[in-house]
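Colleague: I would like to go through the labels on this model one by one. For each, please set the value against the criterion and then conclude.

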Amino acid sequence: MALTKTEGLVIKKTDFRETSLIVLFYTKDYGKLNLLFKGIKNSPDKFASNLEPFSYNEIIFYKKKNTTLHLASQCDLKDNFSNLREDLDKVSSASSIIELLDTVMPPEDPNRDAFNLALESLKNMSNYPSADKILTIFKIKLLDLVGFKPHLDSCIICQEKIITQARFSISLGGLLCQNCFKNDLKARPIFRGTTATILHIERNSLEDNLRLGINPQIKKELDYILESFLEFHLDKRLKTKKYMLEINQNIKILKNRR
Ligand SMILES: [Zn+2]
């Protein structure tokens, strides 16, 4: 067991036995990580504000081998974003950031860019009025970071540059040119401004994107497309993962029977 230090954002906490807690963090160096806080409920004040959802901590823990539950040794609060917690809209946007990390990121698979993006987004939400806009930027950049972004540079079927009207196919994950509309009859027309906004956000830093004006009509379309895109592709991915787990389980059972 090696004593290890990292930084992490709290995703959620669960009671464990009478006196302990299991806290899921999104960490800088290990990605999503489960830590056991033994006996913590005997001293409730000890880590009270540290372990609230999306609190930012420095953590020291024992990294065990062959398990996904590790033992917390120390947890020092770096920021609990108290400004943000006074505003209900901001709390809701911050919670969505944490939920997305939980759903999109695989366990113990480090992605420092994703950690920095989440941390920077939460810090900006504390100081900047439009938490909702930050959440939109976060979603677009996170999809890009996990190699899961919508295909918008050209037609997803024939790769031709799109000159005239385009449609967006949620199920195919990108734009269709007029010649390829038939590949997804459910594809919907999309404003040029919406694709331009997504591409701009992907190519620029969060800081620069905060200065970007997004007109309300485009914002509405953007949110709809991102939401449907995430829902459709994550659902597919989660189901595939579950299916693979079941298959692996069955192979194990068969092997043991031999
Ligand atoms: Zn095409």
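Colleague: What makes D223 and K219 about one helical turn apart?

Modeller: In this predicted model, both residues belong to helix α7 (residues 216–257) and are four residues apart, so about one helical turn separates them.

Colleague: Why is the contact between D223 and K219 called a salt bridge?

Modeller: The closest N and O atoms of D223 and K219 are 2.6 Å apart. The criterion is a Lys or Arg side-chain nitrogen within 4 Å of a carboxyl oxygen of Asp or Glu, so the pair qualifies.

Colleague: What does the salt bridge between R112 and D29 tie together?

Modeller: The closest N and O atoms of R112 and D29 are 2.4 Å apart. R112 lies in helix α3 (residues 112–127) and D29 in the loop between β2 (20–27) and β3 (31–37), so the bridge ties together parts that are 83 residues apart in sequence. R112 is at 44% relative accessibility, hence partly exposed. D29 is at 26% and is likewise partly exposed.

Colleague: How many salt bridges does a search of the whole structure find, and which residues are linked in a network?

Modeller: The search finds 15 salt bridges. K12, K32 and D102 are linked in a network of them.

Colleague: How do you know that the span of α3 agrees with its number of residues?

Modeller: At 1.5 Å a residue, the 16 residues of α3 should span 22 Å. The expected span takes 1.5 Å times one less than the number of residues. The end C-alpha atoms of α3 are 23 Å apart, so the two values agree.

Colleague: Which residues of α3 are buried?

Modeller: Among them are A114, F115, L117, A118 and L119. Further along α3, the buried residues include S121, L122, N124, M125 and S126.

Colleague: Why are β7 and β8 said to stand at the edges of their sheet?

Modeller: The open sheet has three strands in the order β7-β6-β8, with antiparallel pairing. β7 (174–176) and β8 (188–189) each have a single partner strand, so one side of each is left without a neighbour in the sheet.

Colleague: What makes β6 and β8 a strand pair?

Modeller: Strand β6 (residues 167–169) and β8 are joined by two bridges in the antiparallel sense. A pair needs at least two bridges, so β6 and β8 meet the requirement. F168 stands opposite R188 in β8.

Colleague: In which sense does β5 pair with β3, and in which with β4?

Modeller: β3 and strand β5 (residues 69–79) are parallel, over three bridges. Strand β4 (residues 56–63) and β5 run antiparallel and are joined by seven bridges. In β5, L71 stands opposite L36, and L71 also stands opposite Y62. E58 has D76 in β5 as its bridge partner.

Colleague: What do β4 and β5 form, and with which strand does β4 pair over eight bridges?

Modeller: β4 and β5 form a hairpin with five residues between them, and N66 in the turn has a positive phi of about 55 degrees. Strand β1 (residues 2–16) pairs with β4 in the antiparallel sense over eight bridges. K5 has I60 in β4 as its bridge partner.

Colleague: What lines the largest pocket?

Modeller: The largest pocket has a volume of about 260 Å³. Its lining has 13 residues, and I162, T164, A166, R192 and T195 lie nearest the centre. By class, the lining has seven nonpolar, three polar and three charged residues.

Colleague: Which elements give two or more residues to the lining of the second largest pocket?

Modeller: About 190 Å³ of space lies in the second largest pocket. The elements are α2 (88–104) and α7. The lining includes E99, L100, E227 and L230, and divides into three nonpolar, two polar and four charged residues.

Key:
Residues are numbered from 1 along each chain as its sequence is written. This is a predicted model: local features need pLDDT of at least 70, side-chain atom pairs count only at pLDDT 80 or more; totals for chains, interfaces and linings use all residues. Side-chain values use heavy atoms; hydrogens and water are left out. Buried means under 20% relative accessible area, exposed over 50%, partly exposed in between (1.4 Å probe, protein chains only). On a 1 Å grid over the protein atoms alone, a cavity is a set of points where a 1.4 Å probe fits but cannot get out, and a pocket is an open set with protein on both sides within 12 Å along at least five of seven lines; lining residues have an atom within 4 Å of a point. Grid points are joined across faces, edges and corners, and a volume is the space filled by probe spheres set on the points. Ala, Val, Leu, Ile, Met, Phe, Trp, Tyr, Cys and Pro count as nonpolar, Asp, Glu, Lys and Arg as charged, and the others, Gly among them, as polar.
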